[in-house]
Structures are given as structure tokens and as C-alpha cells.
Amino acid sequence: MRLTTFSDYSLRVLMYLALQDDRLATIQEIATAYDISESHLMKVVHQLARSGVVETVRGKGGGLRLALEPAQIRLGQVVRQAEGEGPIVECLSGEPARCRIAPVCRLPGVLVRAFNALYAELDRYTLEDLMSEPNEFKRVLALHPE
């Protein structure tokens, strides 16, 4: 099982913003800190803002900040939103099955239970749980400036 880069970047953005003691961050500085694409981060930030987890401030001096306290941001919810509502496997799409073994296959049920278990585990944790060592995060990010 593998999460998409979109989920990874969503969590990274949130961790970065959790470190910003009452200041706005920019997409450019987040991209530089993690050495990732600004254009991809723009899509991630847009989705995080639409979901109400990140607040964006436009204009000169604008930027991003968390819209909620880190303790209110559940990792499972962030990953669910980043991964989207698409089916895990084609046979769960609701379309007429193209798979010959669909009528007797138990794999879809197994996969649904596995993903539900993953999300249940992620739901046990918040962004605050990830940020137990903020000074270490700051130290590591400062070691890799562009």
C-alpha cells in the first residue's frame, strides 16, 4: 500500500506551517525547505485551503497559516481528502465489472478493510502528535536551505 505524493506533500505543508510561530509562510519557502516543486505545492495548498485546514492571505505580505490548532487536525482526515474518493480497485467503482472473477473474488473486501484500518490508525493521531520535537524540525530544515 502506498500513499500518493499529494498526501505526502499535504502532511509536509501542515508540519511546516505548524512550525511558524504566528507568521505567514509562503509556498516558495516551503518548496525550498523540502526541495519540491512550487507548482505541485500550489495544488496541495489549494486543496488544504478548500478543506478548511489552511488559511491563505492574499496580497503583499500574504502567505499561509494553519486555520486550526494542530491538535484539531486529524491525519486520517487529511490523507482521506488528499487521496480522494476514488475506488481502491477498479471493481469497486460501481461500473459494470470487467473482471472475470468479480462475482467470486474476495479481494475487494480485503482491500477495503485494509484501507479502513490504515485510516483508523491515522485518525488516532493529530498534527500536534507529529510535532513533538519542533526545534529538531527547525534545525533540520535550516540545514538544507536553497
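S37 lies in the loop that connects helix α2 with helix α3 (38-50), where helices (H or I, at least four residues) and strands (E, at least two) are DSSP runs numbered from the N terminus. With a relative accessibility of 35%, S37 counts as partly exposed; buried means under 20% relative accessible area, exposed over 50%, and partly exposed in between, with a 1.4 Å probe and protein chains only. The C-alpha atoms of S37 and P134, which stand 97 residues apart along the chain, are separated by 24 Å.

The model is predicted, so that local features need pLDDT of at least 70 and side-chain atom pairs count only at pLDDT 80 or more, whereas totals for chains, interfaces and linings use all residues. Residues are numbered from 1 along each chain as its sequence is written, and side-chain values use heavy atoms, with hydrogens and water left out.

**Overall build**

The protein has 7 helices and 2 strands, and from the N terminus on its elements follow the order α-α-α-β-β-α-α-α-α. Its C-alpha atoms fill a box of roughly 55 × 30 × 25 Å along the principal axes. Of the 146 residues, 29% are buried, and the accessible surface comes to about 9,700 Å², with 51% of that area belonging to carbon and sulfur atoms; these areas come from the Shrake-Rupley method with a 1.4 Å probe, and for residues only the protein chains shown count as cover. Among contacts between residues at least 6 apart in sequence, 67% join residues at least 24 apart, a contact being heavy atoms within 4.5 Å.

A search of the whole structure finds 1 aromatic pair. The ring centres of Y16 and Y34 lie 6.2 Å apart and the ring planes meet at 70 degrees, so the pair is edge-to-face; rings of Phe, Tyr and Trp (its six-membered ring) pair if their centres lie within 6.5 Å, and planes under 30 degrees apart count as stacked, over 60 as edge-to-face and the rest as tilted. This pair links distant parts of the chain, with Y16 in α1 (residues 5-18) and Y34 in α2 (residues 27-34), 18 residues apart. The charged end of R12 sits over the ring of Y34, 5.4 Å from its centre, a term that requires NZ of Lys or CZ of Arg within 6 Å of the ring centre and within 35 degrees of the ring normal.

Q47 is found in helix α3 and, leaving aside neighbours within four places in sequence, is in contact with F6, S10, Q81 and A82.

| Residue | Relative accessibility | Class |
|---|---|---|
| Y16 | 9% | buried |
| Y34 | 16% | buried |
| Q47 | 14% | buried |

**The hairpin**

Strand β1 (residues 54-57) and strand β2 (residues 63-66) pair in the antiparallel sense over 4 bridges, where pairing requires that DSSP finds at least two bridges between the strands. V54 stands opposite L66 in β2. The hairpin of β1 and β2 has 5 residues between the strands, and G59 takes a positive phi near 95 degrees there.
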